[in-house]
Each structure stands twice: as structure tokens, then as C-alpha cells.
Amino acid sequence: MSTRDDILTRLRGTLRRADLPFPPANPRPLTTAERMTVTRAEGDGLALAARFGTELEKLHGTYEVVETMAEARMALMSRLLAWAAEAEAGRRGPRPATGQERTVLGWAPDRLPVTGVADALADMEFGFIAPGSVLTAEERERVRHIRYGVTGVTAAFASTGSMMMVAGPGSNRSASLLPIRHIAHPHQPPLPDHGSVAGRVARGRSPGGHAAPVGQLVHDHRPQQVGRHRRRTHPGRPRAEVRPRDSL
Amino acid sequence: MATSPINLYAPYKERIDLAVGNKLQANSISRATIKLSAARVGSLAAVDGQELRNQTRRMKEYVLRNLPDLLETLEANITANGGHVHWANDGAEAGRIVLDIARKTRAQSVVKAKSMATEEIHLNATLEEAGMRVVESDLGEYIIQLENEPPSHIVAPVIHKRLEDVADIFQRELDLPPTLDPEIMCSAARQQLRKEFLGADMGISGCNFAIAETGTVCIVTNEGNGRMTSSMPRVYVVVMGIEKLVPTVEDAFLQYQALCRSATGQQCSVYLSMTSGPRRPGDADGPDEFHVILLDNGRSDMLAKGYGEALMCVRCGACLNVCPVYREIGGHAYGSTYSGPIGAVISPLLNNHVTNVEKLPHASTLCGACRDACPVKIDLPRLLLDHRADQVAAGDAAWAEQRAIQAFVDTVKRRGRYERAGKLAAIGSNLLAGMSGGEIKAMPPPFSAWTQSRNFPPFAKKSFREQWRAREAQKQQHR
Amino acid sequence: MVNESGHGASDIRERLRRVALFVTCMVDMLYPDVGMATVELLERHGIEVIFPEEQTCCGQPALNAGFRTRRILAERFLDIFEPLVRSGRVDAIVAPSGSCATMVSHFYAVLFEDPMLAALRQRAEFLGTVTFELTEFLVDVLGVTDVGAHFDGRLTYHACCHLLRELGNDAQTRALLNQVHDAELVELSGAEDCCGFGGLFAVKNAAISTAMGERKVGNIAASRADVVTLCDVSCMTHINGLLARTGQPCRAVHIAEVLNNQVQVDTPEAASSTAAPAEADMPRRWQDPRAQE
């Protein structure tokens, strides 16, 4: 008998026993109607954006609500310049020359809700890279010292200040993972709670009803931790200029 | 690597004496766990915490009742997503499976995200013996790996160390100049770990919960190292206990909230990383291969022996944080991967070598704080009592203890004997107490275990029942 | 003193005339004054107390140690107390101990869990519904919080585990203590943390038990209380054993004695309650007036 069958047979045999003290005989699964919403934010898009921002700031993130695509680009640029200045001011010793100090790692331009990011970056002498592959050592060497990442967001959750990102073609994992700073652009107002929405995302994104291969939920970052520091710009109020990318 | 003074395999008494003697450690563990407990209480009070606990328990009861079917569903969905599922009866089998995957994928170096399941089966040792390089990427796990120590807490593996201790380790192992600045220490560790992430062939993590309906493994982390582990190396291997399942995505988010609030008092952890399969065509990054190893290692026996309730455990560590015993002795004294009340319940049932494991169910006052803190309301004191009863039933109780209990029961089951024994005890104890200023300060074994550190009062010269009789007699006279 | 609001409560009081005292073996043998205080408190509230003299121990030590088949003491308890309740001779059973009351109302069910013992379990369940810990009885059943107690000193409270977590009794004891006249009530840091007694644990794991007790005693010292009161003499023995050994002036006192005005604090020569005497045998600042008789 294979180990698999061995384990399953053992479990089934045990669960058939009438004298088993645990688990209860016929527990019902939690239904959608019964399952509690642990935290939920209320209000319209603007109120949800404000709540999202409040939660994010509690977690040491920053956010900005912008009205137009131009403002979004401006917010992005001013944030990057502020960080660059901060890094320069805090620098002790010689300037590290990785050649990646003024490069931004991002999702493919057509996956970013803010248009014209690469051009705007170029105007400020920042490079932009949305790699098609970050698999080999050489490919990784080209991005490993990049300090800033720019991505879209699959869904944002107002009550916890969380964002969900689902990886896929053009939406790489690296941009929200490798750089020490992360700017995310939710393209829709944050959602009031997690549960069912996350479920729809996870189930709906993949063929055959299976989950998307990789998703992640991101929240704060405490500075003393090993990972990266995250800051976010949040264009919270969608205008016509902010194209909804793909539907959930 | 440094040699740690901690010897998990030392006899129980040695481990306890070492821990109890380390007041500095006990005080810092006590401070840290009290803080974590307060955070838990606050974060559960911010929502309907009781209902969250009730619902999470109900969901886990459903999981365990339907465990075989849900495991098959999970397996089918992971496979459909392009992942591979393996089954392991014990740690040795799981180790062989990982080595086999490594051989087939020519993986030499491994980064690991924090995982209790791999600690439980000592996977690092297995891989290192086979010549592989293994680096822990959780900051706490990384620190104790440098120190060659096991974790001492389910969630906070390095809770037994003070900042000064960590600074010493970093100075020694990473050539860091002397500093007590956590920022600088973290930055040094981050630089070191970054290299490992980008270069490792294989990532190994545990699993906080796996969603059966979608075939998704979820890991809950605060440092981002989990997602690095699941995203960067070519091969991603998950080792998970067969009980760590939830039926649906919505159930996962329910447990996620219960877990985070109970573990650290956060609403949510910094990261929740969900993996359902390998990198797909067009993806710029992600693992080529995704393997999930379903580990039994005593869990199906746990269910069969009547301890199934403990399989609901979500490994939040809340029971450790409130446990007054854990606060005094820390995790290492338990001698097992799992410490605290839940460790005392499951260690004797897991397929593991724990020296004097039979002592663990007795290392509790059954005060009940753990049960009240548990996000799934596991009746831990009851399960500890069950262990004690099972030991007695198996004839494993110490002979002296059996005799003592028997003698006690035989004495007090007859009122006459009980009263006579009380009278004798009153005479003897008052003699002893009279010699030492009113209270007993020394007694022969086994009572010396008490009097070594504590006084004991003499028995009353006139017991309550004697006083009662006198009072009744007086009442009669007055009538 | 008796809270007159609420018809339900007065109905119960109307019905309640007699209780059986389950004094517990430790109170019987070691602390008869606690038993007497319990009797007097109940009598002062119009309750007639009877003491079934056949009673000895509830059997918790055996259960706690895992000797679940040693049920004789529990069966004895049922045989002694059940007929009293069934026949209407008493309306309730009252014990000055959260732990022993818990044994009857919660742990007998574990002892008689085997389906073969269903009859015993039913008897135990019945008895469990009429068995009360003292403060629970005073507050929940009699509806009393002010028992006319007076205490001139600093008083703190340690919540014993079974009372707090099995019986869910915290508000009751605190309500009673809030009505102790002239008492300066101070909160004990870590009041809900176990003192480390734990029955056989105190001997089997003496080192851990002592460390837990030392932490408790440290918190008691920090509270600068003259008296720490509680509802179980087992925990009281443990805490006092350490307080005395470490030369602390404070003492643990059972709540019945506080409520029955059996405790006084000496305040000679303006002894500062912060300064702990170095010697274990220093004269106690705390005294039980009965001990002087």
C-alpha cells in the first residue's frame, strides 16, 4: 500500500469509530451567510480610500489620494525623489555604485493603471525596467540592487489597509518583492472587507476554476525587520483617466 | 558554529533546573509573552473575538471530520495546477522525498522560511548530512541557526534571547561591529539573506493553511522572507501536517484573522503569500516546480487515540504566551519542537524523540489560561489530564506515586480513618512546626520538595469538624 | 444588606433555608477558621447550615494525578450529599473553595464519562447544579454584596484558577471586596496568573512551582498590600509558604475570613509596608484575632 493510501485508510478507519471523542459527528461547514465578516469598512469610494489610508499609516505606510493621471505620476515622482534625497542624506561613506540607484523595477506598462510612467521617470533621469524574465543569475543581477518597485494592485482592502497582488504575465513577483521601497497603484477604490472578494479573485483568475498560481496580501512593514521598507502612493479615487485594467 | 548550552536531549530534570536557574531569561520571556498576550486580547476585543473563535473552531471541526476527503481534494487541485503532492508517514520519509526532489532538480542550496513541521522532523540535519547548504531566512530562525539552537517558541523562535545576545551573535558570526541598534543588525542580516535568496536552488517552507478547493498553500509572515522563499528559487517545496487544511478561500481568511490576532495581535500579518502551483507560461518569475509534502508523523494516531482536538491547533503560540509554566522555563526546557501547553499535549503523540516526554503532561498546573486563549478553544487542560490518565491506565505511573494515591484514597474513603489520620498529622506537624517558630520549614522526602522553598502550616489542633461538634453541643445546652 | 431588588432573587431566598456545608478536607484539617467564617457568614444571612460529618475529600488529587478509575471518593460524595438535596433537607451545597466546587460541578463529569457510568454522571450533574462556591453563593444566589465587612488596611485580590476560569467567578468576589468598608483596594499585577500550586505539581515540579510562586509573591510585594485575599486555601497555602519563607510581611487570607471580620492588620510604629523585613521570623504585621485566643 502506498503511503498515501496508508494515511487515508488509517484516517477513514478512525473516523468511522462511534466512540471517537473528537471531532463531532456531523459538523456543518460554515456557509457564506453564516461566516462572519471580521472587519469591514463603511462608506463610499472616498470614505473607503480614507479608511485604507488610515490603516496603512498605522502600519508605517504612506498614501496619497489623487484625482488625475497627471497627479498620480506627479505623486509617484515626488515620492521617488524624496526617497532618493533621503538615501543620499542618510548615506555614510562613499556612494555605492551599483548602477541601479536610479532604476525602477515595475510591472509591464500595460499592467500599470497609471500611464506614461516610463516617460515620466525618464524625464527625471530614472530608468524603468519591467523584465520579461527574472530567472537566471544574469537577469537577477540586473535588478537585484534596484531600490524602488512600482506595481498595480489586484484588490485593496480598506478595513485592514491590505493589498492583494496576483502574479501573471506582465505582473511579475519581483517588483513588489525585491526593491526595498514599493509604490502600488490601486486602480479601483479599496473594498470594504476581505473574505468573499479574495475568494472571487483566487478562484476567478485561474483557468478551470483553480486558484491563481501566486497571490499575496501585503500590509505594513516595520522598519526593524529584514524585508523591505514599503511606502505606497494610493490613487484612491478613480477618474476616467485611471483605466480599470481587468475586472476581478 | 557556536555550541549552544542547550541540550534538548538532556534529562527532564536537568533541562528544568537549567531553565529555572536562568532568571534573566525567565524575566525577559515573561515580559515578552505578557506583551504578546495583551496585544492578542486587544486585537480580539476590537472585533467580535468570541464569535471569531467559535467560527474558526467550527470550521476546523468540519475539516477534521472530513479530513480524508479534503486531503484528496487538495491533492487533486494542486496536481491540476501543475504542482506535485507527496505523502510521508514520518520525518524520515519526508526527508527522503525532499532529497529525492533535490537530486532530480540538481538542487544544492536551500533557503527556508520558518516552519515548525520541518523543525519537527529535523529536516535541516537531514539535508546537511546529504551535503546540502541550508539557510534559515526568518530573522529569528536565522539568528538561532547561527547559534545552532532550536526555536523556543512556535511564533517567536528567538524569544529567549535579549537584544544584547543577538548583538553578540551578529558580531561573532557576521563580523558586525559592536552595536545595539536593531536597524543595523537587521540591515546586516538582510544583506546576507538577500544573497541567499537570489542564489538558492530550492525554497522550503511550512504551511499555515492550505485551501482544499483551490489547491493553495498559504504562508503567513511578517518579513517577506516567506514570499522570497516561495518565489525566487527554482524549486519550491512545502512540508505541511495533514491537518493544516481549510475547505474554502473564505475559510482561509477567517482562520487568517484568528491566527494573526491570536499570535501577535495584528489585524493581519505583513504578508500572506499564496501559492497554488509553479510559474506559468509568460510569468517573469516564480518557481519551475512546486511540491507539497503531506506529513503524518503521528497525527493520524493522535486522532485515533482521542486527542484529535489538538489537531485543530493553528500554531499561533497564544497558549505559550499565557502559560505561567512556559513563562518560567521557556521553550527549550520542554525538549521538544513544540513547547508550552500545546507542546505538552502533542509531543508525546508525535513520532519524535523527546527525552522524558512522559513528564510533559505533568508540567502544568491545569490553570486553564491556555484554553481561554486558544483561538479554536482546544481544551488543553483536559487533554493534559487525559495524558495523565492514559499513563496511569498503561501502568506507567511511578510506583511511589501509585502507592501514595492509593494510601490517600484508602485513608480518606473512611471517615474514621480520615479523622484519625488528621489527628496524627496535627500532632506530628505541630511538633515539627513548634521546633521552627510556628511553621514547618523542613520535611523528609517527598514532602521536602515543598519545604525546600516554602513553609507549610501545621495541621489545626482542633479540626473544623471538632469545632463544629463543640459548637453544636453548646447550642444544645443553650436550648 | 440584602439586595431587595428583583423578585426572582427574593423567591430563591424565600425557598433557600438550609445549605449543606462542604467544608473541604484542607479547610477541615488545616484552616478550621475559614470553615467557621463560612458558617457564620451564611448564618448571618438567614441560612441554616448543616455539616454532613461523613464528608472527607472530593477526590481531586487522584483525578489530577491521572487516577481516573479511583472514583470511590467522588461516589462517596454523591452518596453523602445527594440524598440531602433530593429529600429537600438542604437546598444547596456550599464550599469555601473554587477548586473543590469545580471538582463537583465540572470534573465529576470527566470522572464518570464512560457510558457505563451514565447513572453516576447524571447524579453528579444534578449535584453540580446545586453546588456553589461561597462567594458565588453570596452574590449570585443570595444577591448580597455588602456583608458588613470592615478591613483597615491595604487589600489585594488573587484570582484562583478554577474559580476564575471554570466557574467564571471574578465579578462576584470583586463585588464583595468592593463593599469591604475602609479597605484600600489595590489591583494585583498578574492577578489572574496561576500561583504555581497545581496540586501534585507543587511537589513533582517543585522548581517550576516555586518560580511561579516567586513571581506571584513579587507582584504581591509590589502591590504593597497588607493582605492578599483569595478563594482557595490550597493556593493560600502555597502563597503563604513563599511569603513566609521570603520574609514578606503580607499574608494570603481566605476571603471568608476577610468578609467575616476575622482579619486585622497591626499598624505598629508606622511600619512602612514597602520595607520587607530581612528575617523570615520577624513579627507578623498581619494577625488573625482568633489565633490570639
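**View 1. Strands E1 and E2 of chain C are joined by 3 bridges.** Strand E1 covers residues 18-21 of chain C, and E1(C) and E2(C) run parallel. In this predicted model, C:Val19 has C:Val49 in E2(C) as its bridge partner. Strands of a sheet pair through backbone hydrogen bonds, and the pairing is either parallel or antiparallel.

**View 2. An open sheet in chain C is formed by 4 strands.** The order of the strands is E2-E1-E3-E4 (chain C), and their pairing is parallel. Strand E2 (48-50) and strand E4 (131-133) of chain C are the edge strands, each of which pairs on one side only. From one strand to the next, the twist averages 35 degrees.

**View 3. Helix H6 of chain C lies across strands E3 and E4 of chain C.** The helix spans residues 98-111, and strand E3 of chain C spans 92-95. H6(C) runs at about 160 degrees to E4(C).

**View 4. Helices H8 and H10 of chain C pack at an angle of about 80 degrees.** H8(C) consists of residues 134-141 and H10(C) of residues 171-178, and their axes are 9 Å apart. The angle therefore makes H8(C) roughly perpendicular to H10(C). On the H8(C) side, the residues that meet H10(C) are C:Thr135, C:Glu136, C:Leu138, C:Val139 and C:Asp140. On the H10(C) side, they are C:Gln172, C:Thr173, C:Ala175 and C:Leu176. By class, this contact of H8(C) with H10(C) has 4 nonpolar, 3 polar and 2 charged residues.

**View 5. Chain C contains 14 helices and 10 strands.** Of the 293 residues in chain C, 56% are buried. Among contacts in chain C with a separation of 6 or more, 80% are between residues 24 or more positions apart.

**View 6. Strand E3 of chain A is largely enclosed by the rest of the structure.** E3(A) pairs with strand E1 (residues 103-106) of chain A in the parallel sense, over 3 bridges. One residue pair here is A:Val104 with its bridge partner A:Tyr148 in E3(A). E3(A) is also joined by 6 bridges to strand E6 (residues 181-186) of chain A, and these two strands run parallel. A:Ala184 in E6(A) stands opposite A:Thr151. In a regular strand, side chains alternate between the two faces of the sheet.

**View 7. Chain B and chain A meet through 73 residues of chain B and 65 residues of chain A.** Several elements of chain B each supply at least two residues of the side that touches chain A, among them helix H4 (67-80), strand E1 (84-88), helix H10 (182-199) and helix H12 (249-263). H3(B) gives the largest share of this side, with 9 residues. The side of chain B that touches chain A is made up of 31 nonpolar, 24 polar and 18 charged residues.

**View 8. Chain B and chain C are in contact through 51 residues of chain B and 52 residues of chain C.** On the side of chain B that touches chain C, the helices that each supply at least two residues include H1 (12-21), H18 (380-393), H19 (399-412), H20 (415-435) and H22 (464-478). The residues of this side of chain B divide into 29 nonpolar, 11 polar and 11 charged.

Key: Residues numbered from 1 in each chain as written. Chains lettered and ligands numbered in written order. Predicted model: local features only at pLDDT ≥ 70, side-chain atom pairs only at ≥ 80, totals over all residues. Contact = placed C-beta atoms within 7 Å. Nonpolar A, V, L, I, M, F, W, Y, C, P; charged D, E, K, R; others polar. Axes fitted to C-alpha atoms, helices over the stretch in contact; angles between N-to-C directions. Parallel < 35°, antiparallel > 145°, perpendicular 65-115°, else oblique. Buried ≥ 20, exposed ≤ 12 C-beta atoms within 10 Å, placed from the backbone. Pairing = 2+ DSSP bridges.
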